Amino acid sequence: MDPTTDNAGYTGDPDAARASLEALRAEIAKAVVGQDPAVTGLVVALLCRGHVLLEGVPGVAKTLLVRALASALDLDTKRVQFTPDLMPSDVTGSLVYDARTAAFSFQPGPVFTNLLLADEINRTPPKTQSSLLEAMEERQVTVDGTPHPLPEPFLVAATQNPVEYEGTYPLPEAQLDRFLLKLTIPLPSRQDEIDVLTRHAEGFDPRDLRAAGVRPVANAADLENARTAVAKTTVSPDITAYVVDICRATRESPSLALGVSPRGATALLATARAWAWLTGRDYVIPDDVKALALPTLRHRVQLRPEAEMEGVTADSVITSILAHVPVPR
């Protein structure tokens, strides 16, 4: 395919951009075993300029996954361990008095990076959790009335433990809705776990990804080229209506107290487009919508207490809705 140029000044080969992101997924696999869906989800989030919530028990490589992504994409990354005594300024930065100039200057916090790993985000109080809201939505931090733009690209990958609730502060709905995807990181299969132990026995050190062979295979320019190509992926009116019907069905479900908002419908359309492009098509089909429905919508709905007591889950409700909403032909 010949390079294309549009009015925005983009010049690049969509096939080359796709190949660079395929190489990115393969490079991450050198460090992380058996988590291909999570790797794909992170790539989709990057393409959509979205953020990701990673949920899994301790020890399933959530942190390693994000670090490997940053290494393979040649991006700056920082990690913040969220704790009960963490202050908002510890994340965003603060004004610091400079005795030499007798003036206050802004000292950027760890949020000023390309890839922020917010480890155990539900261990910090709501005040500190909310300090990320402006950064995630507006891509800037305002301190003392002055906005400070964040670098581009910018992605927050937050982790939380689904089984240990003591001393945690559940994320409010408003903040959950800011995450494009919620990815569940399962325990590995028996063979995957054998592979993990074999790698460690052969000297693999998760703290030294370079020694593990993880190298930068794509950069910010490749990502921008890919984003531009995704934006050109065709969405038919039937697909748009299908997305809307799925989201409206969640609002009418007797098992849900809260359905998907229009922002959630927009997110599902965006992730379906990114997935369609990653799989080699320049148009969206219903299977693309189905493939991304669970990670895009599961954190945007709220179960009724009685449904939760009966063992109903958000995933089961969404799966049922996908089975009943008519699929466009």
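**The hairpin in detail**

A: In the hairpin formed by β5 and β6, four residues lie between the strands, and Ala102 adopts a positive phi near 55°. The model is a predicted one, in which local features need pLDDT of at least 70, side-chain atom pairs count only at pLDDT 80 or more, and totals for chains, interfaces and linings use all residues. Residues are numbered from 1 along each chain as its sequence is written, and side-chain values use heavy atoms, without hydrogens or water.

Strand β5 covers residues 93-98 and strand β6 residues 103-108; the two run antiparallel and are joined by six bridges (strands are DSSP runs of E, at least two residues, and helices runs of H or I, at least four, numbered from the N terminus; pairing requires at least two DSSP bridges).

Elsewhere in the model, helix α1 (residues 14-28) packs with helix α2 (residues 36-47) at an angle of about 140°, their axes lying 10 Å apart (axes are lines fitted to C-alpha atoms over the stretch in contact, and angles run from 0 to 180 degrees between N-to-C directions). Leu21, Leu24, Arg25 and Ile28 of α1 meet Val39, Thr40, Val43 and Leu47 of α2 in this contact, that is, with heavy atoms within 4.5 Å.
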